[in-house]
Amino acid sequence: QQNRPTKYFMCGRQTMKKEDSRDSLIDIPLEDDRDESQLTGRKAAEYNKQHVIRHKKRVRTKILCALGILLALLAILAVIAVILVNVWRSTGRASLLHHAQGNSTDAAQAMQEAANEKNSEASEAQEAEESYELQEGQIRYNGKTYQYKDNLMNILCLGIDSRDGIAKEKTPGKAGQADCVILAVLDDEAKTIQLINISRDSMVPVHVYATDGSYVEDRTEQLALQYAYGNGRDWSCQLMEQAVSELFYGLPIHGYCALSMNSIASLNDTVGGVTVTVPEDLAVMQPKLFTAGDTVTLKGELAYHFVHDRDFKSTDIASNNKRIARQKAYAVAFVNQLKQGMKEDMTLPVKLYQTAEKQMVTSIGLDQAVYLCTEYMNSFFDTDNIYTIEGEVTKGEEYAEFNVDDDALYQLILDVFYEEVN
């Protein structure tokens with residue numbers, strides 16, 4: 001066999017000498033010419049098998065390296081996300097405080113002037129109240145001293161009823177109306193959320209503007225109309241912010257958020273739907289959609305009907321109050337659903353913000369929204385945290401008018417925004 005010429009065999013795409021392959025193949029001696037081709041094939045098969053094993057090892061190593069890099073990138077992104085959330089939280093609070101329409105000192109002064117008018121039972125008692133030395137942000141009422149809570153964030157929330165939405169500027173007088181007016185009160189120290197539902201029909205001084213934007217006069221009209229006299233965007237929101245602040249004796253308002261009623265369905269679905277109990281008035285209006293007493297998880301347009309609908313043709317002038325009751329129930333369910341969803345997905349506030357962006361006008365940036373959501377994710381909130389301003393509904397020349405009970409509103413402001421001090 002040593003005198004035979006060197007033989008070659010094929011392995012895959014490589015041509016190798018039999019004698020050069022002894023380091024990588026099992027050396028099987030050739031016994032005779034008859035078995036030589038068979039044994040050469042066995043060597044080739046063994047080589048291919050080892051080649052496949054080495055290839056699999058190389059692929060597995062590459063996959064493990066890729067997974068390691070991916071995990072490292074994910075870890076870096078998670079760290080960046082945490083840093084961004086913390087930055088947004090810190091900058092968000094600062095910018096909200098900077099925005100404030102009005103301040104606590106002016107609000108306390110306005111409240112004190114009103115208190116002086118109310119404290120008119122006896123001249124001696126009134127003189128004693130007026131001579132009492134007060135610190136900044138304090139008021140004296142009925143023999144007690146109250147201090148404004150500086151740790152509060154007050155956000156004006158508006159639901160705008162406009163058929164073509166609020167994405168574009170409009171002519172003053174035709175900008176739509178604020179059908180839903182809610183003042184959200186966030187307590188930074190107690191970590192509580194309180195909502196004050198203000199009737200759209202509340203009769204307040206409204207700044208009237210002509211179609212060219214020039215000021216005309218002040219009239220006592222429904223609060224909802226103040227939005228209409230703006231441009232349907234930020235100017236309208238600022239007019240509403242001013243009107244509500246004046247109604248609450250100069251209360252500082254730190255931001256506004258106006259949403260088209262058309263956006264309710266998409267926001268509702270972003271949090272996974274909201275579960276409510278159907279009240280009788282809605283079932284009467286929409287018998288094909290709702291059954292009184294049923295507990296349903298609202299999806300899509302059902303959420304819109306639940307929050308928006310009221311019987312405009314009804315002789316019941318208090319029909320808006322029934323809608324306010326539904327909005328109150330929905331608000332509680334929505335906030336709790338949002339809080340639960342954030343425990344599973346911390347990016348949910350960002351998704352909500354992006355969903356609403358095209359049908360929203362707000363002074364609240366993404367950093368402020370993230371701050372508010374993360375700061376109050378674990379806050380306590382139920383129906384006891386929602387207040388409705390007391391008053392009397394009367395029939396005006398054409399529409400219902402809600403006359404605010406000034407004494408009840410004053411006491412509500414003391415209860416929510418002030419604390420008694422010794």
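Tyr148 stands opposite Tyr418 of strand β17, in a model that is predicted rather than determined by experiment. Strands here, like helices, are DSSP runs numbered from the N terminus, with at least two residues (E) for a strand and at least four (H or I) for a helix. Strand β4 covers residues 144–148 and is joined to β17 by four bridges, the two running antiparallel. Two strands are said to pair if DSSP finds at least two bridges between them.

Residues are numbered from 1 along each chain as its sequence is written, and side-chain values use heavy atoms, leaving out hydrogens and water. Because the model is predicted, local features need pLDDT of at least 70 and side-chain atom pairs count only at pLDDT 80 or more, while totals for chains, interfaces and linings use all residues.

Another open sheet has six strands in the order β13-β10-β5-β6-β7-β14, and its pairing is mixed. Here the edge strands are β13 (360–362) and β14 (386–388), each pairing on one side only. Neighbouring strands are turned by 20° against each other on average, direction ignored. Helix α12 (residues 406–417) packs on this sheet and touches β5, β6, β7 and β14, its direction making about 165° with that of β7. Touching, or contact, means heavy atoms within 4.5 Å.

On one pairing, β6 meets strand β5 (residues 152–161) in the antiparallel sense over 10 bridges, and Met153 has Leu186 of β6 as its bridge partner. Seven bridges also join β6 to the antiparallel strand β7 (residues 192–198), with Leu183 partnered by Ile196 in β7. β6 and β7 form a hairpin with four residues between them, and Lys191 in the turn has a positive phi of about 55°.

Two single residues complete the picture. Asn231 lies in the loop between α4 (224–228) and α5 (234–247). Why does Asn231 count as buried? Its relative accessibility is 13%, so Asn231 falls in that class. A polar atom of its side chain lies 3.4 Å from the backbone nitrogen of Trp235. Beyond neighbours within four places in sequence, Asn231 is in contact with Lys168, Glu169, Lys170, Ala175 and Ser236.

Val332, in turn, is found in helix α9 (residues 319–344) and counts as buried because its relative accessibility is 10%. Leaving aside neighbours within four places in sequence, Val332 is in contact with Phe381, Asp382, Thr383 and Ile386. The C-alpha atoms of Val332 and Val274 are separated by 9.6 Å, although the two residues are 58 residues apart along the chain.

How values were computed
Buried < 20%, exposed > 50% of the residue type's maximum accessible area, 1.4 Å probe, protein only. Polar contact = N/O pair within 3.5 Å; in protein donor to acceptor, adjacent residues only side chain to side chain. Axes fitted to C-alpha atoms, helices over the stretch in contact; angles between N-to-C directions.
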